[in-house]
Amino acid sequence: MLAKIAVKNVSKNFVSDKAVYVLPVVDDISLEVESGKFLAIIGPSGCGKSTLMKMLTGFERPDTGHIVVDGKPHDRPDRNSILISQHGSVFPWMTVRRNLMFGLDHDDRKSAELADHYAELVGLKGFENAYPHELSGGMLKRVEIARALVVKPEILYMDEPFSALDALTNLKMRKELLRILDEERHTVVLITHDVEEAIHLADRIIVLSKRPARIQASFDVSFQHPRKLSSPEAQKLKESILRELGL
């Protein structure tokens, strides 16, 4: 079966001004993600996770190796994939509906209908005319997810999307994401530093080493949703991942 995403021997260095020094950041990473699967990538702070994500999304090019999506070279952003980052991307001067309509090719009526559908899907029915400053942090994250889904991407790239949320809202958003993915199947790649988040969401978890990032371990998450993080199998997996992280 052809992988949806194939990363083949990818490496990336940062070069200082005037090439005074070269800093290896990502070193010879190879991995594959099947269509409709959820991959979580976890590693220590500063190990190169976000640099790897920039290459996966096409915002950075690897120095060596290559990335293939649907059997074709992938070296720039495209409409078949979208990134949800930790920094947020909601336009503060637009209502929820207008944020969701942004970038759609339909006429205003069809775009508004589609925007309202996705607002309802993420639990924002009744807030279509609200502005971002009128929403909580968790609601803003729902707007971002809806903005990503409304353009019908095949791949969702997520770079620590819930890291700024409090623990309870984080858990609610993870459950909401799983519910949405159960309705609309996407291929997902998540970058996270949260072991429990990775176990809660992913089909497979890859652990990266300290910089330069290399694949240190890979774990299949075989138990079914809904998952109890307090279950013996989840706790055993958590301990194995933490061991790989030196904790």
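## A bridge between E6 and E7

In this predicted model, Leu83 has Tyr157 of strand E7 as its bridge partner. The two strands concerned, E6 and E7 (residues 155–159), pair in the parallel sense over four bridges, and helix H4 lies across both of them, running at about 175 degrees to E6.

## The sheet around them

E6 and E7 belong to an open sheet of six strands with mixed pairing, in the order E6-E7-E8-E3-E9-E10. Because E6 and strand E10 (215–220) stand at the edges and have a single partner strand each, one side of each is left without a neighbour in the sheet. From one strand to the next, the twist averages 15 degrees.

Helix H7 (residues 232–244) lies across strand E3 (38–42), strand E9 (204–208) and E10, and runs at about 175 degrees to E10.

## The largest pocket

The largest pocket has a volume of about 440 Å³ and is lined by 23 residues, with Leu178, His200, His225, Pro226 and Arg227 lying nearest its centre. Helix H5 (167–183) and helix H6 (195–201) are the elements that give two or more residues to this lining, and H5 supplies the largest share, five residues. By class, the lining of the largest pocket divides into 10 nonpolar, six polar and seven charged residues.

## The second largest pocket

For the second largest pocket, the volume is about 320 Å³, and of the 16 residues that line this pocket, Ile82, Phe102, Arg147, Ala148 and Val151 lie nearest its centre. The elements that give two or more residues to its lining are strand E6 (81–84), helix H2 (96–101) and helix H4 (137–150). Eight nonpolar, four polar and four charged residues make up the lining of the second largest pocket.

Technical notes. Residues numbered from 1 in each chain as written. Predicted model: local features only at pLDDT ≥ 70, side-chain atom pairs only at ≥ 80, totals over all residues. Heavy atoms only, no water. 1 Å grid on protein atoms, 1.4 Å probe; cavity = no way out; pocket = protein on both sides within 12 Å on 5 of 7 lines; lining within 4 Å. Points joined across faces, edges and corners; volume = space filled by probe spheres on them. Nonpolar A, V, L, I, M, F, W, Y, C, P; charged D, E, K, R; others polar. Pairing = 2+ DSSP bridges. Axes fitted to C-alpha atoms, helices over the stretch in contact; angles between N-to-C directions. Contact = heavy atoms within 4.5 Å.
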